[in-house]
Amino acid sequence: MRDFEYGNPSSLKQAIALLGANFDQAQVLAGGTDLISLMKDYIVTPRRVVNIKGIADLRGVHESAAGLRIGSATVLEDLFERPAPLHPFPSLRTAIAGVSSAQMRSMGTVGGDLLQRPRCWYFRNGFGLLARDSQGRSLVPNGDNRYHAIFDNAGPAYFVSPSSLAPPLITLGATARVTGPKGSREIPVAELFRTPRDASEREHTLGPKDILTEILIPARSRTLRNATYEVRERHVMDWPLVTASVALRMEGKRVRQATVVLGQVAPTPWRSQAAERALAGKELDEAAAAHAGDAAAQGAHPLSRNGYKVQLVRVAVKRALLQAIA
Amino acid sequence: MANIAWPPASKRGLIGKSISRIDGPEKASGRAKYTYDQNPVNLLYAKMLTSPYAHAKITALDTSEAERMPGVRAVYVFNGVGKEVNWEGHEILAVAADSEELAEDAVRRVRVEFQQLPYLVDDADLALATKDGRTRQLGAETSGDPAAGFQQAEVTSEGNYAIPVITHCCLESHGSVAQWAGDKLNVWISTQNVSGAAGEYAQSPDLNVPASNVNVDCQVMGGGFGSKFGIDTWGLAAAALAKKSGRPVKLMLDRKPELLMAGSRPSLRGKIRVGAKRDGTIVAWDSDSWGTGGMGVVGIHGLLPYIFRDIPNRGSRYTAVRTNTGPARAWRAPNHPQACFLTMAALDDMAAKLGMDPLDFFLKNLSLAGERAALYQEELQKAAELMEWKAKWHPRGDKTPGPIKRGVGLSIHTWGGLGHDGYCRTTIHPDGSVEVATGTQDLGTGTRTVINIVAAETLGLPLDGIRVEIGDNKYPPDGASGGSTTVGGVSSSTRVSATNALNQLLAKVAPALGTTPDKLEAVAEKIQVIGDPAKAISWKQACARLGTTPIVAMGQRNMSLISSGVGGAQMAEVSVDVETGVVHMEKMVAVQDCGLIIDIKTATSQVYGACIMGTCYALHEEKIMDQQTGTCLNPNMEFYKLSGLDDVGDIVVHMMTDPAIESRGVIGLGEPPVISPGAAIANAVANAIGVRVPELPMTPERVLDALGKGEMA
């Protein structure tokens, strides 16, 4: 691990002042479950690491008329252990439970889950976020891409967004507060993510001097029927192969409005408007859920080894929908 | 005189009982000191520079910048300029520094230039490997007339099957701590060969140390599974760096180098044809198989078909493929799990084609299984009872509505397990305390406990009446622990040594009891006239008669106490989600014989561990190589997947312990139960979903592909 400076600010203002003009100069440390591994493997080598867990304002869960506010440095286990605020959001609860082990949940933070780097094995083995060889060709299409993207994968990015919490948060209409040197702004959680188009871009929209400070799940989302379904090879300590999160505004047995977001299938959390359209106005039963699953799989472009994920999209969406109305 | 023969069941107080391992509390509480826990004063940490390429020539190597870094103390080069490195992870040099981080940073400051050379890292495409000149046919066997056999066959089943390269994944990685005291070398090393390691150090011209000056210490271990027989380049490096720097050096492998270079299990792929009569009698076999174990020419020839060696007409060919991957090492039951999977899957497919219950099909054909046929029959029947096979088995493809399909599958296996040669020394002190010492090692299997049980039983003492000393080469030499040879070796040498010591004691006390030694026995902390507890003196009183001189007696492995050759039957029950391809283990039944069992509990634990290890390679494990970069894509515990507790299901173990089996003496157990799980689980999956998943591990991808739901691009 390269030597680095360690900043331990007690206020957000101090923390932002300690950040640099680019990510090589400084990186934010929260739970450290991912950053430290990346540093030990020399995948990222920041000159300074800024710990934000000492900033009291960034931790905690608060319910208000506006909704549920979750500080970005809140540890997942703290959120998980408080069933009352999460009660309306089984979708989020399932996603947190899926972050295993208990040790990971006890160290890892909400912001850390949202902003963790992709797990693409070419990236993690030192071939860069865009997984290119020395001639600049992507290694993914002709390589082992069993865990890579099936949507939005025309290149140069083929990795998948690994966040467990983003799909449920996006379906619940959550917003993210981002604070930088010029003040703070509130954006939909989906807008934290982007598909990089070249090596100068990252998979997140945050600038090097920005800190994700808070997530707000609006109060109106409490009445949404919602669920997350994750397909996993192993029961615990494994990444989902595909995740589907759904949130439904119901009118009796009919779906008035649906939001369907997939995880682990694209460089960003992947919203499936085709599935949403397939559900709108429909009475939700097994056939309608399966139909929505098929719709969600439309437009997938599997690579050489990840065609199975198309089937997993179908079944994950179907099962999430049926769980939401169960 | 006491006799070395194992006591009959009626006279056993400890042997064959269920006894917890004696070092359990130390391990569970963290007091046990593993190699990594050894921290002599002034310790340095070493890290290795290894090849990032699958094949390259080193054209330049400059360590000066690294050596100038403050805190960097020594550099040791294995492969310098002009040498070729043949796989990602091939050793180049090691650096010792004041901290692990500094050592790693220093490794990265070494300037090394490579001329990259052509490579192949994947053996799946045999034609490509052949074109590349990387293949060698190792074994071609023919017996009977295969062509005529297939003509006679009324039903022929054909399939392709594959099991990939995996690694050992010892919980404790490889490594050592080396410390010099003048011209003496002390090493703490995680090794399967405590007594043999000194000789390896002595062979190095860089160390220039006679074996007699090397002390090897390995009190506890986190597994070896066949990967830790040698001191390895990294063991040599720790000692050489310690010598150069004049300070102790610790070199333990991280998980990445561990997975890249510390051993792998060869793959096996092949096309198999089986011919049978409509009544289920197998009449013909033909297999064309290949596999890779890295750059060495290793092979699985001679093991296909597995167990059913007496199929009248059979042909088999095996081709070894050289790939630029980390070298193969013995992996728990070398070659058997691979051969077992290919054979039992092919036979299970034949049973399905015949519409037969595979249990009936296997039972029908056991006459082709050689000398242990009757034992397999008994074991299969016992396993069927514990699995409730007849109630659970159904023809291929569970017809239950819904996505969850259940199925059962079976397999049988065999192993040798003859105890290795070795020595043990028993010392009886005048105060009645006893120590038993042998230069063996406890890989985590319970060896220390087994020695304790045998010595205590022999001397009529409780377990805590004996101090067991192992894991140090100052004790009488014992063999390497591999191939299930330890328990036979140490139980017999301990029995002989303790009996020899006891006989000296009996000779001392016989006059006081007014009898001769042959009329005496050691029972319940007493020396007594056989069958007459009234005529006795306590153990302590007896030992007090030694005056000031302890009794010391040696013992060597004794063939009358041990034997070789076991069978085993396993059955697996799975549920498979046919919409997601996720396989869930419901239950494993493992029925196993291994002669006389010293400790039922540690023996049963061995079988549990084997079933878990087998579940890992059946469902998750695979060393994934990338031909574009020549690198391993999953050298970590994140994507090199092993089962977690929730993934293993119920495991039911039944040890065969009837008097006929026990009369064979002690036989090793480490390997056999890990052979069948891949086959049994794969057959259970086929039974559940109605089609064969031809390649392990059976990941959701492969299960969905087999079901035709994979949507290949």
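How many residue pairs are in polar contact across the interface of chain A and chain B? In this predicted model, where local features need pLDDT of at least 70, side-chain atom pairs count only at pLDDT 80 or more, and totals for chains, interfaces and linings use all residues, side-chain values use heavy atoms, with hydrogens and water left out. Residues are numbered from 1 along each chain as its sequence is written, chains are lettered from A and ligands numbered from 1 in the order in which they are written.

The rule finds 19 residue pairs in polar contact across the interface of chain A and chain B, both residues being at pLDDT 80 or more. A polar contact is a pair of N or O atoms within 3.5 Å; within protein, one must be able to donate a hydrogen and the other to accept it, and residues adjacent in sequence count only if both atoms are side-chain atoms. Eight salt bridges are counted between chain A and chain B (a side-chain nitrogen of Lys or Arg within 4 Å of a carboxyl oxygen of Asp or Glu). One of them joins Glu233(A) to Lys641(B), with the closest N and O atoms 3.4 Å apart.

The contact (heavy atoms within 4.5 Å) involves 39 residues of chain A and 40 residues of chain B. About 3,400 Å² is buried between the two chains, and carbon and sulfur atoms give 50% of this area. Buried area is the accessible area (1.4 Å probe) that two parts lose on being put together, summed over both. Tyr42(A), Glu233(A) and Arg234(A) supply 20% of the area that chain A buries against chain B, more than any other three residues.
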